[in-house]
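Biologist: I have a chain open here and would like to go through it with you. Can we start with how far to trust it?

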Amino acid sequence: MSIKLFFLLLITILFSSCGIFDPRPESPDQIIEKASHQKIFLAPYDQVWKVAHTALKYTIASENQDFGTIETDFVKAVDGWVPPYKKKPDYPGARYKLLFTFAKGETKNRESTRVTIEKKIEVFKNIISDTQSVASDGSEEKAIFYRMERELIIARAIEKAHQAK
């Protein structure tokens, strides 16, 4: 009797242990979504920090360069950024804010900085109900990354011009 109980317990542990401890892998869509909201710049941290301020067109609510965070004030969707292929925002009764996270690093033996932008959108259904969070399509984040990249290129060109004199 005890041998049957032992084997039953052993089989139960073997079949259930893999499911308990094995984390679920991320789906390709989740990986792409995370990657589309971050970019690695091959530039020093301080320079990328300054470029982010130049590219950012919203009022900053809080920032901490030591912790590498910038948070904007809430912006009404009708006053904020609208992609060029749309005439008005998807949610006119919404507001959003941008959260920037900076991290120092090294890529290919060069100083680099990873920037992550998270756009938090809150949609108001009516006065009484709570807000509903909506995922960003990532187009504004891409536009900000583009502006940051262009500002870095301009800064490098100016630096080279000064060195050439």
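Modeller: This is a predicted model. The protein chain has an average pLDDT of 83, and 80% of the residues reach at least 70.

Biologist: Where is confidence lowest, and where is it highest?

Modeller: The lowest is in helix H2, residues 28–36, with a mean of 59. The highest is in strand E3, residues 69–72, at 95.

Biologist: How many helices and strands are there in the chain?

Modeller: There are four helices and seven strands. Read from the N terminus, the order is α-α-β-α-β-β-β-β-β-β-α.

Biologist: And how much of the chain is buried?

Modeller: Of its 165 residues, 27% count as buried. The chain exposes about 12,200 Å², and 58% of that comes from carbon and sulfur atoms.

Biologist: What about contacts along the chain?

Modeller: Take the contacts between residues at least 6 apart in sequence: 54% of them join residues at least 24 apart.

Biologist: Let's look at helix H3. Which of its residues are buried?

Modeller: In H3, which spans residues 45–55, the buried ones are Tyr45, Val48, Trp49, Val51, Ala52 and Ala55.

Biologist: Why do they end up on the same side of H3?

Modeller: Because they cover an arc of only 165° around the axis. In general, an α-helix has 3.6 residues a turn, so residues three or four places apart point the same way.

Biologist: What do those buried residues pack against?

Modeller: They pack against strands E1 (38–41), E2 (60–64), E3, E5 (94–107) and E6 (110–124), and against helix H4 (139–164).

Biologist: Now the aromatic rings. How many aromatic pairs are there?

Modeller: The count is six aromatic pairs. One of them is Tyr45 with Phe102, an edge-to-face pair with 6.2 Å centre to centre and 80° between the planes. That pair links distant parts of the chain, with Tyr45 in helix H3 and Phe102 in strand E5, 57 residues apart.

Biologist: Are those two buried or exposed?

Modeller: Tyr45 is buried, because its relative accessible area is 6% and the cut-off for buried is under 20%. Phe102 is buried as well, with a relative accessible area of 6%.

Biologist: What other ring does Phe102 pair with?

Modeller: Phe102 also forms a stacked pair with Phe100, at 6.3 Å centre to centre and 15° between the planes. Both Phe100 and Phe102 are buried. Ring pairs link Tyr45, Trp49, Phe100 and Phe102 into a cluster.

Biologist: What does the side chain of Lys119 make a polar contact with?

Modeller: The side chain of Glu140, at 2.7 Å. Leaving aside neighbours within four places in sequence, Lys119 is in contact with Tyr96, Lys97, Leu98, Ser136, Glu140 and Glu141.

Biologist: Last one, Gly93. Where does it lie?

Modeller: Gly93 lies in the loop between strand E4 (75–76) and E5. With 40% relative accessibility, Gly93 counts as partly exposed.

Biologist: And what does Gly93 touch?

Modeller: Not counting residues up to four places away in sequence, Gly93 touches Glu122, Val123 and Phe124. The C-alpha atoms of Gly93 and Ala77 are separated by 7.0 Å, although the two residues are 16 apart along the chain.

Notes
Residues are numbered from 1 along each chain as its sequence is written. Side-chain values use heavy atoms; hydrogens and water are left out. pLDDT is the predictor's confidence in each residue, from 0 to 100. Helices (H or I, at least four residues) and strands (E, at least two) are DSSP runs, numbered from the N terminus. Buried means under 20% relative accessible area, exposed over 50%, partly exposed in between (1.4 Å probe, protein chains only). The arc is that of the directions from the helix axis to the C-beta atoms. Contact means heavy atoms within 4.5 Å. A polar contact is a pair of N or O atoms within 3.5 Å; within protein, one must be able to donate a hydrogen and the other to accept it, and residues adjacent in sequence count only if both atoms are side-chain atoms. Accessible areas come from the Shrake-Rupley method with a 1.4 Å probe; for residues, only the protein chains shown count as cover. Rings of Phe, Tyr and Trp (its six-membered ring) pair if their centres lie within 6.5 Å; planes under 30 degrees apart count as stacked, over 60 as edge-to-face and the rest as tilted.
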